[in-house]
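Let's walk through how to read a strand and the packing around it. Have a look at the model first.

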Amino acid sequence: MTPTELSLEITDLSVNFGVVPALRGVSLALRKGRIATIIGANGAGKSTIMKAVCGLVKPRGGSVSLFGKPVTGLPADEIVVRGLSLVPEGRRLFGSMTIRENLELGAYRRKDRLRVGEDFARVLDYFPALRDRLSTPVGSLSGGQQQMVAVGRALMSAPRILLLDEPTIGLAPAVVDDIAGIVRTIGRSGVDVLLVEQNAEVALSIADYGYILENGSIVAEDESTALARSETVQRAYLGI
């Protein structure tokens with residue numbers, strides 16, 4: 001795999017919280033035009049990877065590159081400008097603000113107002129349930145609707161790479177299917193996606209490629225179809 005094929009490359013990434021290691025030399029890559037997933041139990045270090053990539057956590061060692069250019073140590077808002085956006089675990093929305101206001105916040109660094117309007121329309125095409133509720137405070141929405149707003153807000157920054165941290169956690173099965181379908185559509189639209197999930201079955205059904213994270217280290221990686229057939233993965237993560 002040549003560097004020109006990669007949109008995101010993480011090399012030997014290590015993170016400590018105090019003296020406790022959270023990530024131990026993690027290396028992984030996201031290829032252009034692909035959806036990749038990181039699967040692991042709660043506490044394995046999945047969210048720490050996302051935060052380190054986004055500039056929200058300072059690595060102890062290793063590097064992160066976007067489109068072949070290093071971004072390790074850059075502030076989070078500068079990494080957004082370079083084409084990466086995160087949908088955080090727990091959504092982190094502004095509950096007293098409306099759907100429209102939350103979505104518009106995603107474009108706060110953009111100057112291309114015409115394109116912002118086009119992206120706003122595209123988000124509502126992805127999530128038509130939001131279209132007639134733009135003046136509704138986000139805090140009054142269901143969990144599934146809030147997740148739609150969180151994904152939409154991230155897309156409003158016009159990312160080339162979208163990071164999704166536990167997007168289906170706590171959602172009803174029907175809503176999980178809706179979110180999964182939208183993630184696939186986003187991937188086909190030209191936005192590369194890195195997905196973190198505890199729900200391995202959903203993650204492997206969405207992604208093209210997968211990594212298994214245990215205790216802060218990558219212990220396996222392969223095409224998603226191959227991981228889904230692996231007896232080890234089936235026993236540990238799929239309940240088979």
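A: Let's start with Thr37, which sits in strand β3. This is a predicted model, where local features need pLDDT of at least 70, side-chain atom pairs count only at pLDDT 80 or more, and totals for chains, interfaces and linings use all residues. Residues are numbered from 1 along each chain as its sequence is written, and side-chain values use heavy atoms, with hydrogens and water left out.

Q: Is Thr37 buried or exposed?
A: Buried means under 20% relative accessible area, exposed over 50%, partly exposed in between (1.4 Å probe, protein chains only). Thr37 has 0% relative accessibility, so it counts as buried.

Q: What is Thr37 in contact with?
A: Contact means heavy atoms within 4.5 Å. Beyond its neighbours within four places in sequence, Thr37 contacts residues including Leu194, Leu195, Ala203 and Tyr209.

Q: How do I read the strand β3 as a whole?
A: Strands (E, at least two residues) are DSSP runs, numbered from the N terminus. β3 covers residues 35-39, and five of the five are buried, so the strand is largely enclosed by the rest of the structure. Ile35, Thr37 and Ile39 point one way, Ala36 and Ile38 the other.

Q: Which strand does β3 join through five bridges?
A: Two strands pair if DSSP finds at least two bridges between them. Here β3 runs parallel to β8 (residues 192-197), with five bridges joining them; Ile35 stands opposite Val193. β3 also pairs with β9 (residues 209-214), again parallel, over four bridges, and there Thr37 has Gly210 as its bridge partner.
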